[in-house]
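This briefing covers helix packing, selected residues and aromatic pairs. Please keep the sequence and the structure at hand while reading.

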Amino acid sequence: MNPISDFFFYQYSSYSTLDITLEITAVIFGFLSVWLSKQNSILVFPTGMINTLIFVYSLLKWELLGDMMINAYYF
């Protein structure tokens, strides 16, 4: 790989495919939630809840308990 892609993606070399897929899915739902909020759509709530739940699971798995508790509170 070239040095630029190594700089950005080396941290994911030890992650499982499931972890990467869950994180990408949570980010997409987060962006979708912000866009739906701008549109004043009621769908902002389920997309935000899915985003937060995925991040709570991921943060619990990675033992980042403070961040996990903040996200659980936001949920």
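The angle between two helices runs from 0 to 180 degrees between their N-to-C directions, and each axis is a line fitted to C-alpha atoms over the stretch in contact. The model is predicted. In it, helix α2 (residues 17–38) packs with helix α3 (residues 44–61), and α3 packs in turn with helix α4 (residues 65–74).

**Packing of α2 with α3**

- The axes of α2 and α3 are 8 Å apart and form an angle of about 150°.
- Angles over 145 degrees count as roughly antiparallel, so α2 is roughly antiparallel to α3.
- The crossing of these two helices, α2 and α3, is left-handed.
- By class, the α2 contact with α3 comprises 11 nonpolar, seven polar and three charged residues.
- On the α2 side the contact is made by D19, L22, E23, T25, A26, V27, F29, G30, L32, S33, L36 and S37.
- On the α3 side the residues are V44, T47, G48, I50, N51, I54, F55, Y57 and K61.

- D19 is located in α2 and takes part in the contact with α3.
- Buried means under 20% relative accessible area; D19 has 8% relative accessibility and therefore counts as buried.
- Beyond residues up to four places away in sequence, D19 touches K61 and W62.
- S33 also belongs to α2, and its relative accessibility of 12% makes S33 buried.
- With neighbours within four places in sequence left aside, S33 is in contact with V44, T47 and G48.
- V44, T47 and G48 are listed on the α3 side of the helix contact as well.

**Packing of α3 with α4**

- The angle between α3 and α4 is about 160°, and the distance between their axes is 8 Å.
- The pair α3 and α4 is therefore roughly antiparallel.
- Their crossing, that of α3 and α4, is left-handed.
- From α3, the residues T52, V56, L59 and L60 meet L65, D67, M68, N71 and A72 from α4.
- This contact of α3 with α4 divides into six nonpolar residues, two polar residues and one charged residue.

**Position of Y74**

- Y74 is located in helix α4.
- With 60% relative accessibility, Y74 counts as exposed.
- Y74 and L18 are 56 residues apart along the chain, and their C-alpha atoms are separated by 24 Å.

**Aromatic pairs**

- Four aromatic pairs are found in a search of the whole structure.
- One of them joins F7 and F8: the ring centres are 5.1 Å apart and the planes stand at 80°, so the pair is edge-to-face.
- F7 has 66% relative accessibility and counts as exposed.
- Y12 and Y15 form an edge-to-face pair, with 5.3 Å from centre to centre and 85° between the planes.
- Y12, at 26% relative accessibility, counts as partly exposed.
- Y15 is likewise partly exposed, with a relative accessible area of 30%.
- Y12 and Y15 form one aromatic cluster together with W62.
- W62 is also one of the residues that D19 touches.

Technical notes:
Residues are numbered from 1 along each chain as its sequence is written. This is a predicted model: local features need pLDDT of at least 70, side-chain atom pairs count only at pLDDT 80 or more; totals for chains, interfaces and linings use all residues. Side-chain values use heavy atoms; hydrogens and water are left out. Helices (H or I, at least four residues) and strands (E, at least two) are DSSP runs, numbered from the N terminus. Buried means under 20% relative accessible area, exposed over 50%, partly exposed in between (1.4 Å probe, protein chains only). Contact means heavy atoms within 4.5 Å. Angles under 35 degrees count as roughly parallel, over 145 as roughly antiparallel, 65 to 115 as roughly perpendicular and the rest as oblique. A crossing is left-handed if the near helix is turned anticlockwise from the far one by less than a right angle, and right-handed if clockwise. Ala, Val, Leu, Ile, Met, Phe, Trp, Tyr, Cys and Pro count as nonpolar, Asp, Glu, Lys and Arg as charged, and the others, Gly among them, as polar. Rings of Phe, Tyr and Trp (its six-membered ring) pair if their centres lie within 6.5 Å; planes under 30 degrees apart count as stacked, over 60 as edge-to-face and the rest as tilted.
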